[in-house]
Amino acid sequence: MKKIFAIFAIFIFLSACSTQLYDGLVGTWHWSGDAALSYTFNADGTGERGFPEVREGFVWNTNSRGHLNIERNFVVQGEIREERWNFSIDGDALTIRSRQAAGAEFVYLLGGAGEFPPELVGMAWQWDEHEDFVYIFFADGTARRGLFGDGAAEEITWFANGSRLHIFSSGETFGVRGEMWTFSVENDVLTLKSEQWAERIYTYRGFRLFSADAQ
């Protein structure tokens, strides 16, 4: 009888540790430090990660103990192929903690499907501290910002996920390529509050240039 209970206990333990594909991970997650770096977890257990110009493929699975296992498709000598992480999700924030490298912990934010809110499109958004500094958002995900008067405007790309605005700046205007801002529009005033730098808040006054449907 004891042997039967022992076998049953082992079966329960192995069942609890069996691998699965947790569907709450499926999607694209952007690093809170620089949103240009992202992880994409696909529902079939494949994925990729990295910056836009360098993407690395992998396969992944999870288990009921909150473990995330990543096996990289290609590694150079001396790097880890089979990574082991603890993971947790709180709202749209994913935290991963390495089980192999002490102190390695990262937070990623869910990017969503990508939206282009019409209230942002077709306006010249002038910074209230320097009216020559302007944002212009287009519905195709491109945009321009900067000092238009002296030809120093910057080409950027963008999308939104709810109230979060993602901006990709190849010139690292704010020190990173992938910026994340909480945005709101009220009475033609756009407020941007950084999700990466404390107490960095900007307001812009909007003037209609073209309809949100026009390009």
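Reader: So buried means under 20% relative accessible area, exposed over 50%, and partly exposed in between (1.4 Å probe, protein chains only). Where does Arg84 fall on that scale, buried, exposed or partly exposed?

Author: Arg84 counts as partly exposed, because its relative accessibility is 26%. One caveat: this is a predicted model, so local features need pLDDT of at least 70 and side-chain atom pairs 80 or more, while totals for chains, interfaces and linings use all residues. Residues are numbered from 1 along each chain as its sequence is written, and side-chain values use heavy atoms, without hydrogens or water.

Reader: Fine. Which residue does Arg84 form a salt bridge with?

Author: Glu82 is the partner, with 3.3 Å between the closest N and O atoms. (A salt bridge puts a side-chain nitrogen of Lys or Arg within 4 Å of a carboxyl oxygen of Asp or Glu.) Glu82 is partly exposed too, since its relative accessibility is 41%.

Reader: How many salt bridges does the structure hold?

Author: There are 13. Some of them join up: Arg49, Glu56, Arg72, Glu79 and Glu83 form a linked network of salt bridges.

Reader: What about Arg145, which residues does it bridge to?

Author: Glu154 is one of its partners, with the closest N and O atoms 3.0 Å apart. Glu179 is another, at 2.7 Å from N to O. That Arg145 to Glu179 pair ties together distant parts of the chain, as Arg145 sits in strand β12 (residues 142–147) and Glu179 in strand β15, 34 residues apart. Strands here are DSSP runs of E with at least two residues, and helices are runs of H or I with at least four, each numbered from the N terminus.

Reader: Are those residues buried or exposed?

Author: Buried: that holds for Glu154 and Arg145, and for Glu179 as well.

Reader: Changing topic. Which strands make up the barrel, and in what order?

Author: Eight strands close into the barrel, in the order β10-β11-β12-β13-β14-β15-β16-β17, with antiparallel pairing. Pairing takes at least two DSSP bridges between the two strands.

Reader: Zoom in on β15 and β16 for me. How many bridges join them?

Author: Six bridges join β15 (residues 178–186) to β16 (residues 189–194), and the two run antiparallel. Across the pair, Trp181 faces Ser194 of β16. The two strands make a hairpin with two residues between them, and Asn187 in that turn has a positive phi of about 55 degrees.

Reader: And β16 to β17, what does that turn look like?

Author: That one is a hairpin as well, with six residues between the strands, and here Glu199 in the turn carries a positive phi of about 65 degrees. β17 covers residues 201–208 and pairs with β16 in the antiparallel sense over five bridges. Thr191 stands opposite Thr203 of β17, and Leu192 stands opposite Tyr202.

Reader: OK, packing. Which residues touch the most other members in the largest nonpolar core?

Author: Tyr135, Phe137, Leu165 and Tyr204 do, out of 21 residues in that core. Strands β10 (123–127), β11 (130–137), β13 (154–161), β14 (164–168), β15, β16 and β17 each supply at least two of its residues. A nonpolar core is a set of buried Ala, Val, Leu, Ile, Met, Phe, Trp, Tyr and Cys residues joined through side-chain atoms within 4.5 Å.

Reader: What does Leu165 touch?

Author: Setting aside residues up to four places away in sequence, Leu165 touches a list that includes Leu120, Phe137, Trp158, Met180, Phe183 and Leu192. Glu179, from the salt bridge with Arg145, is among its contacts too. Contact means heavy atoms within 4.5 Å.

Reader: Which residues does the second core include?

Author: That separate core has 14 residues, among them Leu25, Tyr39, Leu68 and Leu94.

Reader: Last stop: where is Ser38, and is it buried or exposed?

Author: Ser38 lies in strand β3 (residues 38–41). Ser38 counts as buried because its relative accessible area is 6%. Among the residues it touches beyond four places in sequence are Thr28, Trp29, His30, Glu48 and Gly50. Arg49, from the salt-bridge network, is another of those Ser38 contacts.

Reader: And Phe51, what is that in contact with?

Author: Apart from neighbours within four places in sequence, Phe51 is in contact with Asp34, Ala36, Leu37 and Arg177. Phe51 belongs to strand β4 (residues 46–51) and counts as partly exposed, because its relative accessible area is 25%.
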